[in-house]
Amino acid sequence: MKAGRLFIISAPSGAGKTTLLQMVMPRMERLVFSVSHTTRSPRPGEKDGADYFFISRTVFEEMRDRGAFLEWAEVHGKFYGTGRQEVFAWLEAGVDVILDIDVQGAAIIRDSGLADAAFIFISPPGLAELERRLRGRAQDAEETILLRLKNAEMEMQAIGNYDYLIVNERLEEAARVLEAIILAERAKMRRLPSGLPAQQQGGL
Ligand code: ADP
Ligand code: 5GP
């Protein structure tokens with residue numbers, strides 16, 4: 001069976017990644033969202049097991065130390081990690097997986113060579129608009145908003161390491177670009193060292 005494809009999506013907080021994923025996920029088949037583990041508190045409306053697995057720092061450290069995470073990072077002062085087993089189980093079952101992870105986590109996956117992935121960066125149209133969106137979301141404390149804005153500038157410097165950039169200005173257009181990237185990645189010919197497309201291996 002053909003293995004699933006891994007999609008890594010990163011963006012500064014407030015760029016609209018969650019909104020875009022909520023639009024695109026129901027439109028695509030054979031695609032799952034990997035629910036991460038975090039030590040941050042749930043925002044109003046967030047559900048344990050759907051948005052994140054909300055866990056204590058002690059549990060996080062225990063999982064980290066026994067290698068349960070494919071990658072993990074400290075982001076905006078909290079810990080976030082991707083469950084290793086779930087991701088590989090989906091990929092082996094031929095299902096594509098989306099990871100919503102920060103630029104540090106993306107770098108770990110890129111450098112580890114553990115999994116071949118398509119790297120997508122979602123950017124806001126500008127920092128002033130990012131600030132408007134963070135404030136408009138009205139779910140973070142002032143101190144949290146300031147920290148996220150400060151980190152945004154550093155995160156935007158990682159854009160060059162990604163395969164795709166989506167500027168989320170008009171929401172529907174950005175959602176269509178994300179869908180197009182996923183479809184194009186699925187149609188891509190993967191070449192073997194012999195030069196034959198991977199899809200033809202054993203078929204000639
Ligand atoms: P992220 O998951 O990247 O932190 P969210 O999806 O929570 O960001 O979006 C942050 C805020 O910006 C939300 O209030 C959302 O409704 C709003 N938003 C997202 N995309 C757009 C857009 N293209 N234009 C205007 N507002 C947007
Ligand atoms: P938020 O708290 O706004 O949901 O997410 C904050 C940041 O943490 C975002 O950049 C998000 O992509 C990142 N993040 C969420 N889950 C993970 C994860 O499992 N690993 C890493 N490295 N970053 C994550």
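## The pocket

A pocket is an open set of points on a 1 Å grid over the protein atoms alone, with protein on both sides within 12 Å along at least five of seven lines; its lining residues have an atom within 4 Å of a point. In this predicted model, the space taken by ligand 2 is the largest pocket.

The largest pocket holds about 980 Å³ of space. That volume is the space filled by probe spheres set on the points, with points joined across faces, edges and corners. There are 42 lining residues, and Thr18, Arg43, Tyr52, Asp100 and Arg137 are closest to the pocket centre. By type, the lining divides into 14 nonpolar, 15 polar and 13 charged residues. Here Ala, Val, Leu, Ile, Met, Phe, Trp, Tyr, Cys and Pro count as nonpolar, Asp, Glu, Lys and Arg as charged, and the others, Gly among them, as polar.

Which elements each supply at least two residues of the lining? They are α1, β5, β6, α5 and α6 (142–156). The largest share comes from α1, with five residues. Helices (H or I, at least four residues) and strands (E, at least two) are DSSP runs numbered from the N terminus.

## Around ligand 1

Ligand 1 is surrounded by 13 residues. A residue counts as near if one of its heavy atoms lies within 4 Å. Gly14, Lys17, Thr18, Thr19 and Arg137 are the closest. Two helices, α1 (17–24) and α5 (127–137), each supply at least two residues of this shell. Helix α1 gives the most, three residues. The shell has three nonpolar, six polar and four charged residues.

Polar contacts are pairs of N or O atoms within 3.5 Å. The side chain of threonine 18 has an N or O atom 2.4 Å from an oxygen atom of ligand 1. A polar backbone atom of alanine 15 is 3.3 Å from an oxygen atom of the ligand. At glutamate 169, a backbone N or O atom lies 2.9 Å from a nitrogen atom of ligand 1. On its own, ligand 1 has 570 Å² of accessible area, and the protein covers 75% of it. Accessible areas come from the Shrake-Rupley method with a 1.4 Å probe.

## Around ligand 2

How many residues are around ligand 2? There are 19, and Ser36, Arg40, Tyr52, Tyr80 and Asp100 come nearest. Strands β5 (69–75) and β6 (78–83) each supply at least two residues of the shell. Six shell residues are nonpolar, six polar and seven charged.

Aspartate 102 has a side-chain N or O atom 2.8 Å from a nitrogen atom of ligand 2. A polar side-chain atom of threonine 82 lies 3.2 Å from an oxygen atom of the ligand. Glycine 81 has a polar backbone atom 3.3 Å from an oxygen atom of ligand 2. The protein covers 96% of the 510 Å² of accessible area that ligand 2 has on its own.

## Conventions

Residues are numbered from 1 along each chain as its sequence is written, while chains are lettered from A and ligands numbered from 1 in the order in which they are written. Local features need pLDDT of at least 70, side-chain atom pairs count only at pLDDT 80 or more, and totals for chains, interfaces and linings use all residues, while side-chain values use heavy atoms, leaving out hydrogens and water.

Methods
Polar contact = N/O pair within 3.5 Å; in protein donor to acceptor, adjacent residues only side chain to side chain. 1 Å grid on protein atoms, 1.4 Å probe; cavity = no way out; pocket = protein on both sides within 12 Å on 5 of 7 lines; lining within 4 Å. Sits in = over half its atoms within 2 Å of the grid points.
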